[in-house]
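Please keep the sequence and the model open while you read this note. The points below are meant to be checked against them one at a time.

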Amino acid sequence: MRRGICLLEEVEFHPMNSRRPLEYLRWLTAYKKEDETLEPGRHVLTKGESIRSRDIDLVGAFYAVGITGHPQFKVVTLWDCHGGWDGGWRQMLEIYTGVKENLFLSSIDDLRFTAYSRPLGTAPGGPALADATGAEFFVLESARVRPGAALDYLAAVREERVPLLADHGHRPVGLYEVLLCDTEVVTVWATDLDSHLALQRSYDAALGLDDEIDADERLLAWRKRAREFLDGTWRETLLSPYPGSRLAPA
């Protein structure tokens with residue numbers, strides 16, 4: 001079985017106009033909903049909506065919670081490339097061949113300020129994005145690891161952190177090596193507000209900073225274990241799924 005290939009995109013909107021993320025999410029989810037009716041393998045480069053294909057599958061469309069430590073305003077999207085390298089990923093690359101004029105014509109010009117895309121490869125034993133289900137919130141972890149240590153870190157996450165976070169109401173959606181480099185990993189977790197808050201308090205308790213809730217010393221042990229692989233920044237961002245998107249709660 002070939003590995004899953006996905007795409008993570010982070011889009012920012014400046015100046016601080018809070019309507020722009022909403023306009024973008026409405027536009028994106030609407031046209032991708034239409035793409036679900038297309039035949040597998042069929043794709044076309046349009047003048048206003050980039051490539052139309054059901055094999056480039058918008059699984060997650062999220063509004064990033066601004067108070068969790070990033071520039072506001074931000075939208076995060078998670079895409080599943082059906083068929084892997086030879087499927088949806090190939091279709092995305094084909095739009096760049098010949099530098100066609102349609103590549104530069106978009107109905108959302110001037111709406112976005114920046115867009116940062118990262119190709120992702122599913123780690124061995126990681127969950128398939130196609131099997132993901134909705135939740136109230138999602139947690140996006142992005143971390144820099146030692147060169148070549150990405151899959152080792154993700155193996156430790158699968159074996160040690162997944163069962164730990166399961167006890168705190170978090171389930172893995174994706175464990176990913178960032179491709180075309182060898183120093184980055186991304187993990188995505190589904191949770192709910194109460195579980196998120198309880199996890200933070202349990203970690204505080206393990207540090208001796210909260211005596212009103214049970215501590216879970218394993219949370220501290222994991223942080224120490226993770227540092228065996230990390231070689232730079234580690235950050236988590238809380239994401240709220242856009243209503244009507246695939247991973248929004250039922």
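This is a predicted model: local features need pLDDT of at least 70, side-chain atom pairs count only at pLDDT 80 or more; totals for chains, interfaces and linings use all residues.

1. The secondary structure of the chain consists of five helices and 10 strands. With a radius of gyration of 19 Å, close to the 18 Å that the globule rule gives for 250 residues, the chain is as compact as a globular protein of that length. Along the principal axes, its C-alpha atoms fill a box of roughly 60 × 40 × 30 Å.

2. Of the 250 residues in the chain, 48% are buried. Among contacts in the chain with a separation of 6 or more, 73% are between residues 24 or more positions apart.

3. In soluble globular proteins, nonpolar side chains tend to be buried together. Here the largest nonpolar core has 26 residues, of which Val145, Tyr153, Val157, Val185, Trp189 and Trp222 touch the most other members. The elements that give two or more residues to this core are strands 7, 9 and 10 together with helices 3, 4 and 5, and helix 3 supplies the largest share, eight residues.

4. When its neighbours within four places in sequence are left aside, valine 145 is in contact with residues including Ala150, Tyr153, Val185, Phe229 and Leu230. A second, separate core holds 23 residues, among them Leu7, Phe13, Leu25 and Ile51.

5. Is serine 195 buried or exposed? Serine 195, which lies in helix 4, has a relative accessible area of 15%, and because buried means under 20%, serine 195 counts as buried. Not counting residues up to four places away in sequence, serine 195 touches His168, Gly169 and His170.

6. Serine 53 is found in strand 3, which covers residues 51-53, and serine 53 is buried, with a relative accessible area of 0%. From serine 53 to leucine 179 there are 126 residues in sequence, and their C-alpha atoms are 22 Å apart in space.

Methods. Residues are numbered from 1 along each chain as its sequence is written. Side-chain values use heavy atoms; hydrogens and water are left out. Helices (H or I, at least four residues) and strands (E, at least two) are DSSP runs, numbered from the N terminus. The radius of gyration is taken over C-alpha atoms; the globule rule is 2.2 Å times the number of residues to the power 0.38. Buried means under 20% relative accessible area, exposed over 50%, partly exposed in between (1.4 Å probe, protein chains only). Contact means heavy atoms within 4.5 Å. A nonpolar core is a set of buried Ala, Val, Leu, Ile, Met, Phe, Trp, Tyr and Cys residues joined through side-chain atoms within 4.5 Å.
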